Amino acid sequence: MLASGVAAGIFAGIAFGGDWRRLSTFTLKLWPVLILALGLRAIGTVIPSSPLELYLISLFGVAAVAGWNWRVPGALLLAFGTLLNLIVAVVNSGMPYDAATVAAVGAPPPNDGLHIPLGPTTKLEFLSDVIPVAAIRSVFSLGDFLVGLGGFLIQAISRFGDPITLIALTYVTYRATQSALLTALAVLTATIPNALFGFFGGAVADAVGHRRVMLWCDILRAILLALVPLLIALDAPLAIVFAVVLASGLCAAVFNPARIALVPTLLDESQLARGNSVVYATDRAVEIAGGLAGGLLVATIGSSAFYVDAITFALSAMLLSRVVVRESTRHRMTLSRLFADALEGLRVLRRSAVLWSNTVFSLAAQVSTPIFNGLTPAFVIQRFAGNDPAVGAVQFGISEAAIASGAVLGSALLPRYLANARKGRLLILGFAATGAVIVLIAMAPSFPLAVVLFGMLGIANVAFYVPNVTILQEKTAPETRASVFGARIALVNLSWLPLIFVSGALADVFGPAILIGIAGAVTLATALIGTRVRAVYEVA
């Protein structure tokens with residue numbers, strides 16, 4: 001798995017404009033051990049009757065090499081995932097697999113010296129091969145998923161947990177209430193922190209330091225999300241569960257502007273657009289795994305999926321702690337200074353004609369986003385899943401993964417073919433395409449067609465996201481950049497709050513499909529109006 005993770009990283013790097021010749025400078029320590037470990041695993045594949053010890057030695061060798069090369073991005077995640085597989089195989093004298101799940105996905109039962117059927121005495125069952133992936137007729141363990149993620153960048157690991165939180169929370173809510181309104185309110189808990197605390201989140205990031213604040217946010221999110229399944233097991237009121245997820249969202253309100261503000265520190269101005277495309281593609285690529293894993297985990301282990309979510313944030317914190325970035329605290333953070341910095345971010349937006357026009361236009365054009373995000377879980381469950389929350393959770397995860405796949409494709413292609421296009425015109429094109437595709441999704445008669453449209457939506461999102469972020473980065477100073485992004489994120493999410501609530505209430509009466517279609521039409525109309533506003537479409 002280590003070798004496949006490195007191969008995936010190489011492929012992704014070349015796809016996004018990397019130079020394969022740089023591989024000549026790559027050094028892997030203890031590479032003979034890796035070759036020996038993979039050789040032993042190959043023997044086990046050719047000779048299925050090989051003893052268990054052969055497989056265990058192979059797993060230990062891969063984990064050791066990955067851990068020894070911890071400075072390689074993703075290596076620690078590879079080591080951790082392999083170690084989880086090794087532990088569960090040791091304590092059970094084999095890797096347990098769920099025979100019913102294997103049969104359900106149409107996969108043949110494993111026939112080797114490593115795997116054993118899962119039974120009543122199985123220890124650490126949640127780490128066994130219990131996660132179905134029907135698309136490739138396979139069953140994986142949590143460790144397998146972690147190993148597969150090892151080729152991605154550090155910031156992406158934290159993003160992996162986001163779709164798991166969303167899918168698990170909407171599943172728990174719809175199962176308990178059967179209400180589109182309350183399910184939309186579950187999505188709302190991810191929006192409220194950015195709306196109410198976003199103004200201050202960017203100011204906190206500027207004051208404390210971008211990498212430093214990202215590290216502490218991930219630590220807190222890991223602790224908070226690990227509490228959620230415990231609260232559910234204790235039959236705590238749903239309001240308490242929402243409150244804990246809300247507190248996790250407050251950390252995201254600090255983390256997100258800090259992450260965006262860090263990009264211009266690492267790149268010069270000529271590389272910003274391409275850099276933002278790669279960051280966006282990385283986010284979406286991880287969401288492919290996160291969306292699929294979220295749906296599959298919820299369908300398999302229910303609310304315990306929050307434990308997996310917590311692990312992703314803990315891993316992100318562990319890897320962020322290894323990053324060395326020269327940063328110092330700007331000033332002692334006090335409440336009055338925090339308010340002052342937050343207001344300064346808003347003033348920077350307001351003083352610039354380009355930034356303010358872009359902000360107002362984007363607020364209007366993104367009307368469809370909160371409605372679409374809030375109602376899609378209920379829409380998928382009602383339209384395609386026969387009102388079954390478990391099936392809907394899987395389909396919602398597939399939908400999220402389709403959007404992410406389209407975004408990865410768009411992030412790879414658009415910078416190459418639209419590099420010379422004006423940012424303003426690309427922005428309008430992206431919003432127009434987004435609105436049109438959302439209308440088509442609302443009309444989709446079948447789930448396969450909807451998945452294709454979800455993928456097209458991901459491509460359209462790239463077209464407006466990258467120029468939007470790049471314009472803000474280019475027009476703001478480094479010392480206030482996170483505060484400006486925090487203010488922008490807060491304004492966007494404040495405009496979303498009433499839309500999510502009202503659309504959720506109306507969806508219980510009229511159904512989610514018609515509201516999603518109307519929202520898409522509004523975005524399309526706003527984009528057409530934007531073609532008449534020079535401060536929007538003429539931005540170079």
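User: Where is Thr 101 found?
Analyst: Thr 101 is found in helix α5, residues 99-104; a helix here is a DSSP run of H or I with at least four residues, numbered from the N terminus. This is a predicted model, in which local features need pLDDT of at least 70, side-chain atom pairs count only at pLDDT 80 or more, and totals for chains, interfaces and linings use all residues. Residues are numbered from 1 along each chain as its sequence is written, and side-chain values use heavy atoms, with hydrogens and water left out.

User: Why is Thr 101 called buried?
Analyst: Its relative accessible area is 13%. Buried means under 20%, exposed over 50% and partly exposed in between, with a 1.4 Å probe and protein chains only, so Thr 101 counts as buried.

User: What makes Lys 423 and Glu 474 a salt bridge?
Analyst: Their closest N and O atoms are 3.6 Å apart. The term needs a side-chain nitrogen of Lys or Arg within 4 Å of a carboxyl oxygen of Asp or Glu, so the pair qualifies. Lys 423 lies in helix α18 and Glu 474 in helix α19, so the pair ties together parts 51 residues apart in sequence.

User: Why does Arg 351 count as exposed?
Analyst: Arg 351 counts as exposed because its relative accessibility is 58%. Its side chain meets that of Glu 344 in a salt bridge of 3.0 Å, N to O.

Key:
Helices (H or I, at least four residues) and strands (E, at least two) are DSSP runs, numbered from the N terminus.
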